[in-house]
Every structure is written in C-alpha cells, then in structure tokens.
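User: I would like to go through the aromatic rings of this model with you, one question at a time. Please give the cut-offs as we go.

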2 protein chains.
Amino acid sequence: MENAEKYNALKLENQICFPLYAASREIIKKYRPFLDEIGLTYTQYIAMMVLWEEKSINVKTLGEKLFLDSGTLSPVLKSLEDKGFVSKLRDKNDERSVTVNLTEKGERLKERAAEIPSKIVKCVSLPPDDALHLYTLLYKLLATVKE
Amino acid sequence: MENAEKYNALKLENQICFPLYAASREIIKKYRPFLDEIGLTYTQYIAMMVLWEEKSINVKTLGEKLFLDSGTLSPVLKSLEDKGFVSKLRDKNDERSVTVNLTEKGERLKERAAEIPSKIVKCVSLPPDDALHLYTLLYKLLATVKE
DNA sequence: TTCAATTTAATTGAGTTCAATTTATTTTAA
DNA sequence: TTAAAATAAATTGAACTCAATTAAATTGAA
C-alpha cells in the first residue's frame, strides 16, 4: 500500500459512523423546542412512543425496543413516573420484572405530541424517496450490528 | 383522516430519527473494545482523527468539524491533554482562541489506531453499495439539518 | 430438594451532551 | 476614543449513556 494511502481509513471523511452520530445528534436537537413544550426529553419521548402504542410493557422488553439498558431506562422511567405519565408495578408472576403502564395523564399527552412529527419534517426535509431509502438502510445496518 | 391513522406518525416504527439514534449508539458500542486498547473514548477518537489530519486546529474549527460545542469539547480536550496526546495554547494573535496541537505521543497513537477501521468493518458489514448510499444520504441529511 | 447459575432492575461511576451562563478578549459603532 | 456588541472558550447543571456491580427472584442441574 502506498504511504499516502496508509491512513485513509482513519480520516473523518471516510467514516460511516461519524455522519451517523452527527446526524443523530443534530436531528435530536431539532426536537428540543417542541419537546420542551410538552415537558419531555428525546429519550423520554421515544419511551412514551412505545407506551402510547403498547399501553403496558415490562422494562426488559421496552429496553429491547429502544436499544437501551436498565442503567439508562431506570432514571428515564423514574422521571416519567414523577411527571405522572406512567406508573410502575412489580409483576406478580415474576417479581424480578417491572411493568410500566401508561396513565390517563400519559394518554392525554399523546394528543399534544401528535403535532410534533410534522413539525420535525419541516426542519429536516429529505425528499421522500431518500427518506425511505435511508430508513431501509438504517434498519439493515441495525440488523447487521445487533449480534 | 381516519381515526386509526391519526397517530401513525407517532409510532416508533415510522420515525427516521429513532433508527439513526439507535444505529449510531450500537455502532459506537462496537468501537469500545478496540478503543479501550488505545485508551480513547469514541468522542476522543474522532477528535484525534481531526488532529491526525490537521496536526493543529483551534477549538472553534474543531467544534465545527465534529458538530460539538465547547461544553463538550473542553473536557474531551482536557482528557486528551492529560493523556499527553495533545497540547493547548492560547493564540497570540487572538487571545480568545485556543489552538490544539498534536504531540509526538499523539502522532505515535495513530499507528495503533490505524488497525481499528478494518476491525469495525468486520462487525458492521453493510454491502459496499449500501454503505456508500448510506454515507451519501447521511451527508445529505446533515446538510438539510444544519441551518 | 437444594444450591449454583441465570435473570431482571436498580445503582454506581466515568464520560458525554447540550443549554445557559461566565470570563476574557476583540470588534464595532457612536 | 470608548462603550456596547460580539466572539471564544470554559464552567455549570441537568440528563443521558453505558459498563460493571449489586440485590432479589427464579430456574435448573445434581
């Protein structure tokens, strides 16, 4: 290998992970003003997304869906509980497991959150074809990474 | 709009940001064992990537390249300085500005880091066509987000 | 049956991330 | 010229992220 090329793979511009990491953070930043209005952080918001669909889910399964472990989820769920959006209960059949439940107040929050996705689309306007392709590639990537 | 469709945009599976965020974290996790060997975190690693190319750069420009502000960079650069990989100096022409310089030790670290990209490719094996397409879309996305 | 291995959440600690503030310096406009 | 505005970096504080550990409960093998 030519000496001039020896370190090419180490250049920031030749990384696939870096633009992934940067784009992820830049988009999450765009959510902030909208999430501030409903009193959620981005991590709390994606946890609520699952709760809005499932109504009830245990911590382990929620963690698998979000790719987050209990070290991250515990304080996130505590915060959502403190705000009254979810309640937590030990599973009677298996006392190791904790089930998270959507509350009435959490259900009502869904109405206000429903405005957010369309607002984000305005900030982050990839053409629909590109967005779909990106979506497909990201899930393909996630599938290869998850061992 | 049908009631059944009213909240579709709020479903986790219909988000573009979520797989971005999840994939970013999952890949960075793959770096860890390799970065542990050379004593860097991922954030420190991408900062070093810029330094390996530029040798010398001020904090503001580094921040622009990495999409990170001084709130994040200050402790990262302090840690790199403590480990002897970079040195910092106030700019004589503009005392507000700080220039970060690659040290001899930092230069030597590049040899060991050069092994990492190929190891990551083995953990994250998207077909080359897909990887290139993903790369293109991510930079396109970054361009639309950065206002 | 019983005790070792496994599983589930929570906790801990180091490091990151970001908004907001502070400090020091430089630039600009009156 | 000088006072206000702008800029650069550091600091602060809240929250996230993750590896490692801990505690409690369950499972499984001898």
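User: In which helix of chain B do Phe18(B) and Tyr21(B) lie?

Analyst: This is a predicted model, in which local features need pLDDT of at least 70 and side-chain atom pairs count only at pLDDT 80 or more, while totals for chains, interfaces and linings use all residues. Residues are numbered from 1 along each chain as its sequence is written, chains are lettered from A in the order in which they are written, and side-chain values use heavy atoms, without hydrogens and water. Helices are DSSP runs of H or I with at least four residues, numbered from the N terminus. Phe18(B) and Tyr21(B) are 3 residues apart, about one turn of the helix, and both lie in helix α1 (residues 17-38).

User: Are Phe18(B) and Tyr21(B) buried or exposed?

Analyst: Buried means under 20% relative accessible area, and exposed means over 50%, with partly exposed in between (1.4 Å probe, protein chains only). Phe18(B) has a relative accessibility of 2% and Tyr21(B) has one of 10%, so Phe18(B) counts as buried, and Tyr21(B) likewise counts as buried.

User: Which charged residue lies over the face of Tyr21(B)?

Analyst: A charge sits over a ring if NZ of Lys or CZ of Arg is within 6 Å of the ring centre and within 35 degrees of the ring normal. At 4.2 Å from the ring centre of Tyr21(B), the residue over its face is Arg25(B).

User: Over which ring does the charged end of Lys110(B) sit?

Analyst: Here the charge belongs to chain B and the ring to chain A. The charged end lies 4.3 Å from the ring centre, and the ring is that of Tyr7(A).

Technical notes
Helices (H or I, at least four residues) and strands (E, at least two) are DSSP runs, numbered from the N terminus.
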